[in-house]
Amino acid sequence: MGVEIEQLTKVYDGKVKALDGVQMTAESGVLGLLGPNGSGKTTLMSIMATLLDPSSGTIRVDGLDVRTKKPEIRKRIGYLPQDVGLYPNLTVQETLDYMGLLYHLDDTRDRQDRIERALQRMNLTHLRDRQIQTLSGGMRQRVALAQAVLPQPSVLIVDEPTAGLDPEERIRVRSLFADLARDCLIVLSTHIVADIEAVASSLAVLRFGTLRFFGTPEELLNSLEGRVWMVDAPVGNRPKEMAEGFLETGLFRTREGIQLRGVCETRPCSDAVTADPNLEDGYVWLMAREHHA
Amino acid sequence: MRSLRLVLLGYRGGLRNAGLRLLAITAAVSAAVIAWNQPEAAASTSLMLASLYARIFGIAACLNASAIAIRDLDPKTGGIFRSKPVDGAHWVLLNWATTLLVWVTLLGVALGGGMAGRLAQGDFASIGMYSLGFARAASVLTVLMTLSFALSRLFRSPLGAVIAVFVWFCAMAGARFLPEMAQPEFMQNRELFWSLAAAVLAPTALIVERGRRGELRQPLPALGLVALLIGGVLLGSVRAESRYAKVGEAAATIWDQMGMQHIELGKRVPGFWLPDGRGGTVRTAAFPGKILLIYLFTAEDLEAGRVLTALDRVRKKYGDSGVQPIGVCLSLDHGDGYALANTSGLGFPIGADLSTRKAGTPPVSAMADAYNAQILPYLAVTDRRHIVRHLGSDARPSDGELDRLIQQRLMEEPE
């Protein structure tokens, strides 16, 4: 069950190392893949989805090796790439019918039942007769998600699902993942921490193709305990005497002025008070730590 | 059933493309107008439209097929299809069949416009003419679209369409310089090009695509099929080559014998034996004691098509008096003469001069040599003993001129 990755390396054209010795295991829930653009997330997802072969190392999806068991793996995964290339002239219903047939759902009644459930789950029922080209980005994303869950996959691979969506659609898509994670392992890549903050059961942070953190979100948060600080200041007058190691992770407006949030090994200034860490703090801290290193 | 359903779904989506619809409807309306305005040359018009639309729709289909062939290879958007558990060969063939069905339908709509234009004038014979024209155009479109699709998939690039369209342009523009075998439009090359298209598509789908997707586990049956198709290409080449070689042999061929004759006023008309496309032969010797109107023409000439209709009227009017028109089609594409002979509804025989090397000015063929035809169309009129009494290049006689010509002959030689 799940995904097992061992010493995975991917080199493009013998030069560009997109992944370097990545190792992790996830069995259920949501595995959040975090990392900046170009960190290797999409490459990792593509290898999981059998679209690319690794240069070395192994990935087993549902216990099956991606090098030798591609057809079998494809029957067990749902894949939602970053950009969805659905046929623009098909309706939502036809698109799901088409995808269902590609998934070998040959029994018409069973296929229609699954389509119906997927439409309801993704709140697409009222859009079933609309052509894909007439849908908004968020609606298309939901259609793409609906097709990915048709086979009731063991592993759902989702690459940057909220890119380009408005805030309302983003929230809707996030809540769908929380719902779907009850049935399968979701591997969800994003560079937006908020996408996985509430739903990830495990977290992998990639940078320059290497794994910088793998564990539960709680482990990351625990490692920041006592290192996250809040500093209040008047508008336009940021505190000048901040400790050198203060790493800013947020800036908020309050009624009195502004509030700076950041990570620091020691109290950054006399007015600073500790705060509960969140994943955003952890992510920025991981990225900056590696950057300084 | 699954494949059929997938093809039909893709087909339905393909036909919803507004640009393609517009192309087909525009072509259909144009065809209807042209066909409506050419009642005197209905058969030639159907040939001309079929040839024109085979080219327009064929080139558009090549470009579209190439885009569809590599649509799922886009690293960003294509993953949604490539991650599906569908066999690589199946996927390639599904897309090919869907694209083909869409384009054949669009071509049918376009040529259907021409048929509608004729039917509106009560010309029910046009059903046969346009059906055959559609079949020929669809055959050309299928071959070139398949080559474009398969090569694009093979190279994973639109280069496939570039090659297919370039080859076709060369064939169309350089018809005089290229060997006839390189002409995908010619009916006589059908076997060669059909087997070639299949021989490119099959290994692309069954071997290359499966190999790329890690699905090539039992390559032997696929290799066997590919070997069979390559054998088909070789056989098709040999047959086409022998067909053309027969025409070019130094002596003793029927064509050379025909070409060595020389027409002369007051002498016996050069005899000929031309195939009619139905297994029969069109011969001067078959009409003893008849006044012959031998009309050499090329199928693309609509004015010649009008004269053919006029000749049919002559046959009806003077047939009982022993007047017999004979058509001789000079065309590089053997199918043109056959199509006119079999679908035009004309009541006189039309033979195809298969030795034609050039249908322009001056024409090059055994019949053009024998009849000294420098410009087509060309009319030779004989008396009842088949002695040549009238010759005319660039012959586009009106009904009245034809009547006068025949009445003069009949006055000299009443029954």
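User: What counts as a cavity, and how many of 30 Å³ or more are there here?

Analyst: On a 1 Å grid over the protein atoms alone, a cavity is a set of points where a 1.4 Å probe fits but cannot get out, and its lining residues have an atom within 4 Å of a point. This is a predicted model, in which local features need pLDDT of at least 70 and side-chain atom pairs pLDDT 80 or more, whereas totals for chains, interfaces and linings use all residues. Residues are numbered from 1 along each chain as its sequence is written, chains are lettered from A in the order in which they are written, and side-chain values use heavy atoms, without hydrogens and water. The count comes to 1 cavity of 30 Å³ or more, and the largest cavity has a volume of about 60 Å³, a volume being the space filled by probe spheres set on the points, which are joined across faces, edges and corners.

User: Which residues line the largest cavity?

Analyst: The lining consists of B:Ala43, B:Ser46, B:Leu47, B:Met129, B:Leu132, B:Gly133, B:Arg136, B:Ala339, B:Leu340 and B:Thr343. Two or more residues come from each of α3 (42-69), α6 (126-155) and α12 (334-343) of chain B, helices being DSSP runs of H or I with at least four residues, numbered from the N terminus, and α6(B) gives the most, with 4 residues.

User: Is A:Thr50 buried or exposed?

Analyst: Buried means under 20% relative accessible area and exposed over 50%, with partly exposed in between (1.4 Å probe, protein chains only). A:Thr50 is buried, because its relative accessible area is 3%.

Conventions. 1 Å grid on protein atoms, 1.4 Å probe; cavity = no way out; pocket = protein on both sides within 12 Å on 5 of 7 lines; lining within 4 Å.
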